[in-house]
Amino acid sequence: MSLNRRNFLVLLGCTSGTAALGLFPKNGLAQATAGEQKPFAVAELPYAYNALEPYIDEETMRFHHDKHYVAYTTKFNEAVNKYPQLANQSAEEIISNLDSLPEDIRATVRNNGGGYVNHTLFWQIMAPNAGGQPTGELAKAIENAFGSFAEFQTAFNDAGSKQFGSGWSWLALDKTKQLKIMGMPNQDNPLMMGMYPIMGNDVWEHAYYLKYRNDRAKYLETWWNVVNWDEVSKRYQQAIA
Ligand code: MN
């Protein structure tokens, strides 16, 4: 939430966001719950908490965004704020250069800076009324790299289902501009390997357990219904530019 809007709401004696202003119905735009964070702000969901139903349920989105993501953001900021010169860099730059960080914050930044960057991306690459298939250059690149869209989906799902424990399934562009699929543990991000993240799916249990219980494969299969290909294509264009 911007500072201006925040002040505006405070002036109105209203702290529960736009829903209380009547601008949105009950399940209006999701609101960050941890207030302003610096230097890295909690990104609000660009849709309502229940907007991805029936594929991802409202309760999962509330916990995932307001608890898990906010906690990563808080811990990342705490680490960065120990070394104020780091605030001149983007979060992506910071996690791309873990080796150059002071040792006492390196693991914290890997886990929580990774968590911050991964989830900020994750909210953007999902959308209601989405899914389907990519078009244009990304569609061609996927066919060239994996044979077909269906084979790409299978490989991406495999990377997620075979990721032991917590982690992510990633589509990334490597240094030779080739598309690569890989599972990565914890909150690691392709940037940590010198690769550019195009899209990722969160396979931590917190991403699916409330609705899908232990059935990660079902979650992975269903997730394609919420993929925002416009955003993913935009990221691909940025990566190859
Ligand atoms: Mn997560």
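View 1. Glu231 is buried, with a relative accessible area of 16% (buried means under 20%, exposed over 50% and partly exposed in between, using a 1.4 Å probe and protein chains only). Lys234 is partly exposed at 47%. The two residues form a salt bridge whose closest N and O atoms are 3.3 Å apart (a side-chain nitrogen of Lys or Arg within 4 Å of a carboxyl oxygen of Asp or Glu). They are three residues apart in helix H10 (residues 229-240), and so about one helical turn separates them. Helices (H or I, at least four residues) and strands (E, at least two) are DSSP runs numbered from the N terminus.

This is a predicted model, in which local features need pLDDT of at least 70 and side-chain atom pairs count only at pLDDT 80 or more, while totals for chains, interfaces and linings use all residues. Residues are numbered from 1 along each chain as its sequence is written, and side-chain values use heavy atoms, with hydrogens and water left out.

**View 2. The salt bridge of Arg62 and Glu58.** Their side chains meet at 2.9 Å, N to O. Arg62 is partly exposed at 32%, whereas Glu58 is buried at 18%.

**View 3. The manganese ion.** His64 (NE2), His119 (NE2), Asp202 (OD) and His206 (NE2) coordinate the manganese ion at 1.9 to 2.1 Å (donors are N, O and S atoms within 2.8 Å of the metal, or 3.2 Å for Na, K and Ca; water is not among the atoms, so sites may look incomplete). His119 in helix H5 (residues 103-124) and Asp202 in strand E3 (residues 196-202) are 83 residues apart.
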